[in-house]
Amino acid sequence: KLAHATSGHNGLWLCENHHKLFDENIINISNDGEVLISSNLNENDKAFLSSITTKSRISPKIMSKSFVRYLQQRNSVVNF
């Protein structure tokens, strides 16, 4: 578990705010790299998050096999 958590290939560097939002399942990344915002938020919160989230899709250069595998594992247990 530690090796997976500290691997440079299993995740994505995020700012502190987006990291917390990702950990709390408020934002998510689909298996194909689309950045998603939870539908459980009110419209004002969705609009705010959209305004501070400058990328709507992760670059294909970042979507390594290891990262996609990480997303697939995460998304299989995250109810988003």
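1. A pocket, as the word is used here, is an open set of grid points with protein on both sides within 12 Å along at least five of seven lines. In this predicted model, the second largest pocket holds about 260 Å³ of space. Helix 2 and strand 1 (27-29) are the elements that each give two or more residues to the lining of that pocket.

2. Who lines the second largest pocket? Its lining has 15 residues. L12, L14, V35, K55 and I58 lie nearest the centre. By type, the lining divides into nine nonpolar, four polar and two charged residues. On the method in general: rolling a probe the size of a water molecule over the atoms shows where empty space is left.

3. Now the overall fold. The protein chain has four helices and two strands. Read from the N terminus, the order of elements is α-α-β-β-α-α. The chain has 80 residues, and 28% of them count as buried. Its accessible surface comes to about 6000 Å². Carbon and sulfur atoms account for 52% of that surface.

4. Contacts across the sequence deserve a look.

5. L12 sits in the loop between helix 1 (2-6) and helix 2 (16-23). Is L12 buried, partly exposed or exposed? Its relative accessibility is 27%, so L12 counts as partly exposed. Buried would need a value under 20%.

6. Which residues does L12 touch, not counting those up to four places away in sequence? They are I29, I58, I62 and F67. L12 and F67 are 55 residues apart in sequence. In space, their C-alpha atoms are 8.1 Å apart.

7. By the rule used for rings, the count comes to one aromatic pair. F67 and Y70 form this pair, and it is stacked. The ring centres are 6.2 Å apart, with 20° between the planes. Stacked rings have planes under 30 degrees apart, which is why the pair gets that label. Both residues lie in helix 4 (residues 65-77). They are three residues apart, about one turn of the helix.

8. L49 is another buried residue to check. It lies in helix 3 (residues 43-52). Its relative accessibility is 6%, so L49 counts as buried. Leaving aside neighbours within four places in sequence, L49 is in contact with L21, I26, I37 and L41. I37 is 12 residues from L49 along the chain. The C-alpha atoms of the two are separated by 7.5 Å.

9. One backbone angle needs a comment. Most residues other than glycine have a negative phi. N25 has a positive phi of about 60°, although it is not a glycine. Where is N25? It lies in the loop between helix 2 and strand 1. N25 has a relative accessible area of 29%, so it is partly exposed.

Notes: Residues are numbered from 1 along each chain as its sequence is written. This is a predicted model: local features need pLDDT of at least 70, side-chain atom pairs count only at pLDDT 80 or more; totals for chains, interfaces and linings use all residues. Side-chain values use heavy atoms; hydrogens and water are left out. Buried means under 20% relative accessible area, exposed over 50%, partly exposed in between (1.4 Å probe, protein chains only). Contact means heavy atoms within 4.5 Å. Accessible areas come from the Shrake-Rupley method with a 1.4 Å probe; for residues, only the protein chains shown count as cover. On a 1 Å grid over the protein atoms alone, a cavity is a set of points where a 1.4 Å probe fits but cannot get out, and a pocket is an open set with protein on both sides within 12 Å along at least five of seven lines; lining residues have an atom within 4 Å of a point. Grid points are joined across faces, edges and corners, and a volume is the space filled by probe spheres set on the points. Ala, Val, Leu, Ile, Met, Phe, Trp, Tyr, Cys and Pro count as nonpolar, Asp, Glu, Lys and Arg as charged, and the others, Gly among them, as polar. Rings of Phe, Tyr and Trp (its six-membered ring) pair if their centres lie within 6.5 Å; planes under 30 degrees apart count as stacked, over 60 as edge-to-face and the rest as tilted.
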